[in-house]
Amino acid sequence: NDRYFELFVGLQKFKTSTNLEKLFGTGWYSSRKTINDVRNKIIDESPDLPKKIIKQEISQLQGIIALLLDTGLFGVLFTISIFTLTFNQILKEKKNINQKLFRISILMTNFLCLFIGYPMVMLSYVLMFLPNGILFIEDKFTKNTIN
């Protein structure tokens with residue numbers, strides 16, 4: 001219930017943003033403070049919300065909303081393109097189907113984490129997409145032991 005509320009608030013904040021903010025965002029982490037005016041207004045106008053939804057000085061956002069507000073449409077499209085490129089790279093590998101499915105499941109779990117938390121600052125999340133990162137560590141290791 002709280003996640004839907006925060007998603008709704010984030011989308012309302014995005015709608016009220018300037019065109020420049022919609023394209024490029026407001027800057028990393030700034031949305032945690034700038035969202036409060038919209039969030040507080042919605043709380044004031046909705047008396048039937050659960051008691052645990054209260055006004056806060058700093059809001060904790062889901063990754064996808066934070067990504068949208070902080071980096072704008074440009075950042076969201078960039079992130080989706082990274083996921084797509086990684087997915088395509090996994091499909092092109094000469095691996096058996098079980099290895100591909102395992103890597104795809106890790107990638108999809110990472111994507112879905114954007115909807116439940118704020119994983120963009122986690123080291124493991126960032127390492128996922130580096131060239132020869134976590135998803136492709138076996139390839140790097142295999143190449144080093146064969147040569």
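**Overview. The chain is built from 8 helices and 0 strands.** Helices (H or I, at least four residues) and strands (E, at least two) are DSSP runs, numbered from the N terminus. Residues are numbered from 1 along each chain as its sequence is written, and side-chain values use heavy atoms, with hydrogens and water left out. Because the model is predicted, local features need pLDDT of at least 70 and side-chain atom pairs count only at pLDDT 80 or more, whereas totals for chains, interfaces and linings use all residues. Of the 147 residues of the chain, 36% count as buried, where buried means under 20% relative accessible area, exposed means over 50%, and partly exposed lies in between (1.4 Å probe, protein chains only).

View 1. Phe24 belongs to helix H2, which covers residues 19-24. Val76 stands 52 residues from Phe24 in sequence, and their C-alpha atoms are 9.6 Å apart in space.

**View 2. The salt bridge between Arg39 and Glu6.** A salt bridge is a side-chain nitrogen of Lys or Arg within 4 Å of a carboxyl oxygen of Asp or Glu, and the structure holds 3 of them. In the pair shown here, the closest N and O atoms of Arg39 and Glu6 are 3.0 Å apart. Arg39 lies in helix H4 (residues 36-45) and Glu6 in helix H1 (residues 2-16), so the pair ties together parts that are 33 residues apart in sequence. Arg39 counts as buried at 2% relative accessibility, and Glu6 counts as buried at 13%.

**View 3. The salt bridge between Lys55 and Asp44.** The closest N and O atoms of this pair are 2.8 Å apart. Lys55 is partly exposed, with a relative accessible area of 46%, while Asp44 is exposed, with a relative accessible area of 53%.

**View 4. The salt bridge between Glu93 and Arg103.** Here the closest N and O atoms are 2.7 Å apart. The pair links Glu93, in the loop between H5 and helix H6 (97-113), with Arg103 in helix H6, 10 residues apart. Both Glu93 and Arg103 are buried.
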